[in-house]
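Please keep the sequence and the model in view while reading.

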Amino acid sequence: MAELERSYLLELWSKNVCPNCGKEIPEGTRVGSGKKSEGGFCSLDCYGENYKADLTERHKRVVAAAERHRKS
Ligand SMILES: [Zn+2]
């Protein structure tokens with residue numbers, strides 16, 4: 001996994017933002033492998049979708065979600 005994507009995933013984790021859909025993750029509902037560096041998602045659907053997507057598509061989503069929340 002690209003270093004930049006990893007740092008975005010950590011950033012989104014700390015903000016409780018889903019890297020797949022960019023929505024906020026409600027307390028206690030985060031889904032993922034348990035590793036911060038692999039990200040936390042709002043639902044099993046998003047988790048599955050994110051890992052189904054190819055690397056380029058996945059990276060775009062993660063970057064877009066991080067950018068969106070940096071501005072707000
Ligand atoms: Zn989601």
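## Packing of helix α3

The buried residues of α3 pack against α1 and α2 (44-52), where helices (H or I, at least four residues) and strands (E, at least two) are DSSP runs, numbered from the N terminus. Contact here means that the C-beta atoms of two residues, placed from the backbone, lie within 7 Å. The residues of α3 that are buried are R58, R61, V62, A65 and A66; seen down the axis of α3, they fall within an arc of 125 degrees, so they line one face of the helix. The arc is that of the directions from the helix axis to the C-beta atoms, and a residue counts as buried if 20 or more other C-beta atoms lie within 10 Å of its own, as exposed if 12 or fewer do, and as partly exposed in between, with C-beta atoms placed from the backbone.

On the face of α3 turned away from its buried side are the exposed residues T56, E57, K60, E67, R68, R70 and K71. The end C-alpha atoms of α3 are 25 Å apart, which agrees with the 24 Å that its 17 residues should span at 1.5 Å a residue; the expected span is 1.5 Å times one less than the number of residues.

## Model and confidence

This is a predicted model, in which local features need pLDDT of at least 70 and side-chain atom pairs count only at pLDDT 80 or more, while totals for chains, interfaces and linings use all residues. Residues are numbered from 1 along each chain as its sequence is written.

The protein chain averages a pLDDT (the predictor's confidence in each residue, from 0 to 100) of 92, and 97% of the residues score at least 70. Confidence is lowest in helix α3 (residues 55-71), at a mean of 91, and highest in strand β2 (residues 40-41), at 96.

## Helix α1 and the residue after it

Helix α1 (residues 3-15) has 13 residues and reaches 19 Å from its first C-alpha to its last, close to the 18 Å expected. Its buried residues are Y8, L9 and L12; they cover an arc of only 105 degrees around the axis, which puts them on the same side of α1. These buried residues pack against α3, whereas the face turned away from the buried side carries the exposed residues E3 and S14.

Just after α1, N16 takes a positive phi of about 60 degrees. Most residues other than glycine have a negative phi. N16 lies in the loop between α1 and β1 (31-32), and N16 is partly exposed, with 16 other C-beta atoms within 10 Å.

## Core and overall fold

The largest nonpolar core has 13 residues, and those with the most contacts inside it are L12, C18 and A65; α1, α2 and α3 are the elements that give two or more residues to this core. Such a core is a set of buried Ala, Val, Leu, Ile, Met, Phe, Trp, Tyr and Cys residues joined through C-beta atoms within 7 Å. Leaving aside its neighbours within four places in sequence, L12 is in contact with V17, P19, G39, A65 and A66.

The secondary structure comes to 3 helices and 2 strands, which follow the pattern α-β-β-α-α along the sequence. Buried residues make up 29% of the 72 residues in the protein chain. Among contacts between residues at least 6 apart in sequence, 53% join residues at least 24 apart.
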